[in-house]
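Work through the following exercises with the sequence and the coordinates at hand. Each task is followed by a solution that goes step by step.

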Amino acid sequence: MSTVQAPGELILQTVLGAISTAAQGKVDVERIYGGSGPVSTFTFVVADSGERKTGVSNKVYRPIIDFERQEERKFAEEWTDYEIRQEIFAEQEQLIKLKLKKAIKSKNKEAICDAKWELKQLQSEKPKRPIKQQLIYENITPESLQIEMKDGFGNVALVSNEGATVLEGPITRALAFLNSLWSGERFTVNRKTVRSFTLTDTRLTLSLLVQPSAIEKFLKKKGPEALGIGFLGRFIFCNPQTTQGTRFINQPNQGCESGYANYLKRMEEILTELKDMGDSSKPERTVIRFSDEVKGYAYELYNEIEAMLGPRGRFEYAKDHGNKLFENITRIAALLSYFEHGKDEKISLGIFQDAERIAFHFSDTYIQTFQVYPDYLKDAYALQEYCQTKRESGERYISKAKIRRSGPSRLRNIETLTRAIELLQSWGELMVYTEPTTRLVYLDLNPNLFHEPHMWNRFYDKYKSHRL
């Protein structure tokens with residue numbers, strides 16, 4: 001991967017998405033509070049054009065694409081054989097139905113019973129429609145995806161190195177459906193014109209590489225819904241620092257290339273196992289379990305994250321994300337363990353802590369991007385930013401009236417401004433005073449510094465001259 005020279009976070013998330021795509025049909029992960037669940041991940045990388053998203057995706061997903069090509073050829077052969085057997089079956093069925101029809105006309109009960117038994121026996125031998133092992137989809141409607149999952153193995157991935165095709169595509173009409181798939185829940189599909197059905201034990205990976213303009217457009221259109229129902233909170237999210245301007249050509253790093261070769265070999269092993277899943281059955285997944293050492297640590301981490309959801313906690317204003325963080329840590333840990341050691345080895349403490357570091361690192365980016373503050377905090381942060389610009393321009397004192405006139409537009413309302421000032425004062429960022437002679441209400445932007453008469457005089461003289 002060293003030849004691509006893309007941001008490390010972009011590569012890491014793309015690899016996690018690829019491993020999830022290949023592994024989700026074979027393994028689940030233990031839940032420390034009981035039961036087991038999916039290892040499927042939703043990954044989201046925001047990166048500008050030129051960050052080599054396509055180059056990374058092509059290299060990482062190469063074994064899956066090769067696997068699908070092989071399966072496509074196999075499916076084409078099986079489909080030809082299926083159509084021949086289907087024609088033979090239809091002819092046999094027609095002959096037996098004619099025999100039954102004659103028996104009914106002649107009212108020969110014995111002949112009727114024989115024909116019915118023959119028809120029943122034939123139905124039990126009806127050719128089974130072959131299933132195509134297609135793992136990756138991109139621009140697909142929710143209805144089509146549901147049919148594909150019903151008729152196939154139920155393990156699919158929405159993958160795009162130009163994520164706008166997904167974010168602007170029809171699949172975003174069904175965000176609640178995608179939420180259910182992330183959780184591994186049963187989902188009933190009701191149809192008016194055809195028979196309804198229920199998706200059970202299905203898995204979905206989402207791996208999106210998106211340009212900033214695409215995510216901005218998506219947030220304007222679907223942002224409130226995507227945040228409100230916790231869709232975005234399920235993602236492992238990153239916005240990596242660019243590597244453009246530093247991607248100089250050096251001698252090939254043999255260690256990196258051998259690492260990529262090992263990655264390809266292991267992915268091919270995992271994908272080979274998928275070929276043994278059977279024609280239409282959905283076999284039980286192997287549950288990746290925690291070592292005893294991990295369990296005690298995991299309980300403590302779970303409780304720490306839970307505490308972070310409370311007042312003044314890390315996730316106070318990103319609860320949907322915080323509520324999913326521990327689950328994402330366990331999924332990452334299971335994927336890393338399965339990839340490195342196979343399905344029979346328990347998750348070690350080292351791997352679990354690696355997953356924890358990865359998840360919390362990406363959590364920082366999510367909070368910076370999507371944290372939803374209440375209005376009174378947004379007002380306070382707007383005032384905080386405005387006051388900082390005044391400090392940087394050399395001002396220490398400013399009148400409340402001036403902020404209302406020329407400050408952020410959201411602070412025009414006197415009650416809104418007063419509440420924001422009181423909050424910043426409680427944080428120790430400023431102090432509010434009233435000049436006794438003129439009743440001027442003003443803010444000291446550096447309340448921890450000694451009084452500076454020259455700055456006060458300059459401010460007050462200006463106020464008296466212009467009535468700031």
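**Exercise 1.** Which residues point one way from E5, and which point the other way?

*Solution.* The model is a predicted one, in which local features need pLDDT of at least 70 and side-chain atom pairs count only at pLDDT 80 or more, while totals for chains, interfaces and linings use all residues. Residues are numbered from 1 along each chain as its sequence is written, and side-chain values use heavy atoms, with hydrogens and water left out.

Strands (E, at least two residues) and helices (H or I, at least four) are DSSP runs numbered from the N terminus. In a regular strand, side chains alternate between the two faces of the sheet. From E5, Asn155, Ala157 and Val159 point one way, whereas Val156, Leu158 and Ser160 point the other way. Six of the six residues of E5 are buried, that is, under 20% relative accessible area with a 1.4 Å probe and protein chains only.

**Exercise 2.** Determine the strand order of the open sheet and identify the strands at its edges.

*Solution.* Two strands pair if DSSP finds at least two bridges between them. The five strands follow the order E4-E5-E8-E3-E9, with parallel pairing. E4 (136-137) and E9 (235-238) each have a single partner strand, so one side of each lacks a neighbour in the sheet.

**Exercise 3.** At what angle do H10 and H11 pack, and how far apart are their axes?

*Solution.* Axes are lines fitted to C-alpha atoms, for helices over the stretch in contact, and angles between N-to-C directions run from 0 to 180 degrees. H10 (residues 292-307) and H11 (residues 319-341) pack at about 160 degrees, with axes 9 Å apart. The two helices are therefore roughly antiparallel, a class that covers angles over 145 degrees. The contact involves Ala298, Leu301, Tyr302 and Ile305 of H10, together with Gly322, Leu325, Phe326 and Ile329 of H11.

Methods:
Parallel < 35°, antiparallel > 145°, perpendicular 65-115°, else oblique. Contact = heavy atoms within 4.5 Å. Buried < 20%, exposed > 50% of the residue type's maximum accessible area, 1.4 Å probe, protein only.
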